[in-house]
Amino acid sequence: MTGGEASGALVAEVASARGGFRLEVAVRVERGELLAVLGPNGSGKSTLLATLAGLIAPTEGVVRLGDRELARRAPGVPATIDLPVAQRSVGLLGQEPLLFRHLSVIENVAFGPRAQGRGTSTARLDAMTWLERVGAADLARRRPAELSGGQQQRVAIARTLAARPELLLLDEPFAALDVPTAAAMRRLIGELCAETATPTILVTHDPLDAIVLAQRAAILHDGRIAQLGPVAEVLGHPATPFVAALAGVNLATGVATGSGGVEITGADGARLLLVPAEQHAGVPAVGAPASAVFSPAAVHVAPLADTGVAASGALVPNRWIGTVSLLQPAPGGVRLTTDEHPGFAVDLPGATAVALELRPGARLAFTVAAAEVSVRASG
């Protein structure tokens, strides 16, 4: 077991500075919970992990793990609690295994237990136990240079957990792995985190990591948390264009209407009213900032002649008349955008695209089923 049996929840309310960048976050991760943190490059993900791991000190705030304070600093006060990295009981695993190349696999994994004062035989026994857990016991006598990338990452996981961390920080640990190996590593991390009940933060650019492993997701943007909630909610209705792109959905921002929908103003004043089939709790007030989400594949496309509607710009819920501006390949078909709403992607099967005789400049009618529209307050 790791230190999960003794660890408690992570509570961090901190501000940290790196050069001209400032991070301000408040986050809580329960014992046994895995929180996925997503965000664009430069949003503060690495600064967050470095602050929690003790690699950089917060400029103010507190980091607490169970009943232990790892760091505390008040603004303008030099005195602070700032435990050294070796005393924090925090495991940090990145996409590079960073194994000691001059040591065998078993000595790499035994390094943490030995540094914590366990005897050589006990440390090696612990190391062998963890190597067995990650399916790498047969690699014990090899050196890192003799291992594949996936094997090295398995050993790195064993080394991290053999130190019995009370908090586990994962910095894109699957990014450098091929698809089958990454899938195996996700399964392994998920099983071990559930078994050890260690609070875990996973930084990732891949929504699949969040879907498979996390209970909640936090979206960092410009050093602050822009969205935090259950994974299904965050990816199902993203609050930022970055996450919408990751989740593969269209995010439309505008103002709430009396129909429970959102009115969007596109290029050259083109208007679009998106209305959901059902209104949920928390419907935004009329005139308040709001957003709508729908899938590119949920859009029905038809020639204008088939709709019986003139291209007059009449505002009809969930429909717009558009001019095809760009055609791109998409899995199984074609993705297009329109001049009127260039931020929206529309995905069509190849057969449908051929039947429509798609080409730039074509005028078409676009409709989204109300059941495919989700509306939330924004801002």
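Here is what to look for, topic by topic.

This is a predicted model, where local features need pLDDT of at least 70, side-chain atom pairs count only at pLDDT 80 or more, and totals for chains, interfaces and linings use all residues. Residues are numbered from 1 along each chain as its sequence is written, and side-chain values use heavy atoms, with hydrogens and water left out.

**The sheet with E1**

- Five strands make an open sheet, ordered E2-E1-E4-E5-E6, and they pair antiparallel. Helices (H or I, at least four residues) and strands (E, at least two) are DSSP runs, numbered from the N terminus, and two strands pair if DSSP finds at least two bridges between them.
- Which strands stand at the edges? They are E2 (21-29) and E6 (80-82); each has a single partner strand, so one side of each is left without a neighbour in the sheet.
- Neighbouring strands here are turned by 25 degrees against each other on average, direction ignored. For angles like this, axes are lines fitted to C-alpha atoms (for helices over the stretch in contact), and the angles run from 0 to 180 degrees between N-to-C directions.
- Look at E1 (residues 10-18) next to E4 (residues 60-65): six bridges hold this antiparallel pair. One of the pairings to find is Leu10 with its bridge partner Leu65 in E4.
- Helix H1 (residues 45-53) lies across E1, E2, E4 and strand E5 (68-73), and runs at about 115 degrees to E1.

**A nonpolar patch**

- Leu55, Val85 and Leu92 make a nonpolar surface patch of about 260 Å². Patches are made of residues with over 30% relative accessible area and no salt bridge, with like charges joined within 9 Å and nonpolar side chains (Val, Leu, Ile, Met, Phe, Trp, Tyr) within 5 Å.
- A salt bridge, by the way, is a side-chain nitrogen of Lys or Arg within 4 Å of a carboxyl oxygen of Asp or Glu. Accessible areas come from the Shrake-Rupley method with a 1.4 Å probe, and for residues only the protein chains shown count as cover.
- You'll find Leu55 in the loop between H1 and E4. Leu55 counts as exposed because its relative accessible area is 54%; the cut-offs are under 20% for buried, over 50% for exposed, and partly exposed in between (1.4 Å probe, protein chains only).

- Helix H2 (residues 105-115) has eight of its eleven residues buried, so the rest of the structure largely encloses it.
- Among the buried residues of H2 are Val105, Ile106, Glu107 and Asn108.
- What do the buried residues of H2 pack against? They pack against helix H3 (120-133) and helix H4 (149-162), where contact means heavy atoms within 4.5 Å.
- Just after H2 comes Gly117, with a positive phi of about 100 degrees.
- Gln153 sits in helix H4 and is buried, with a relative accessible area of 1%. Setting aside neighbours within four places in sequence, Gln153 has contacts including Leu93, Gly94, Pro173 and Met185.

- Most residues other than glycine have a negative phi.
- Glu172 is not a glycine, yet has a positive phi of about 45 degrees. Glu172 is in the loop between strand E8 (167-171) and helix H5 (179-196), and is buried at 17% relative accessibility.
- Asn318 is another residue other than glycine with a positive phi, near 65 degrees. Find Asn318 in the loop between helix H9 (304-307) and E17; at 6% relative accessibility, Asn318 counts as buried.

**The sheet with E17**

- Five strands build an open sheet in the order E16-E20-E17-E18-E19, again with antiparallel pairing. Strand E16 (299-303) and strand E19 (346-349) are the edge strands, each pairing on one side only.
- From one strand to the next, the twist averages 50 degrees.
- Strand E17 (residues 319-330) runs antiparallel to strand E20 (residues 363-368), and five bridges join them. Opposite Trp320 stands Phe366 in E20, while Ile321 stands opposite Ala365 in E20.
- E17 is also joined to strand E18 (residues 333-338) by six bridges, and the two run antiparallel. The bridge partner of Pro329 in E18 is Val334.
- E17 and E18 form a hairpin with two residues between them, and Gly332 in the turn has a positive phi of about 80 degrees.
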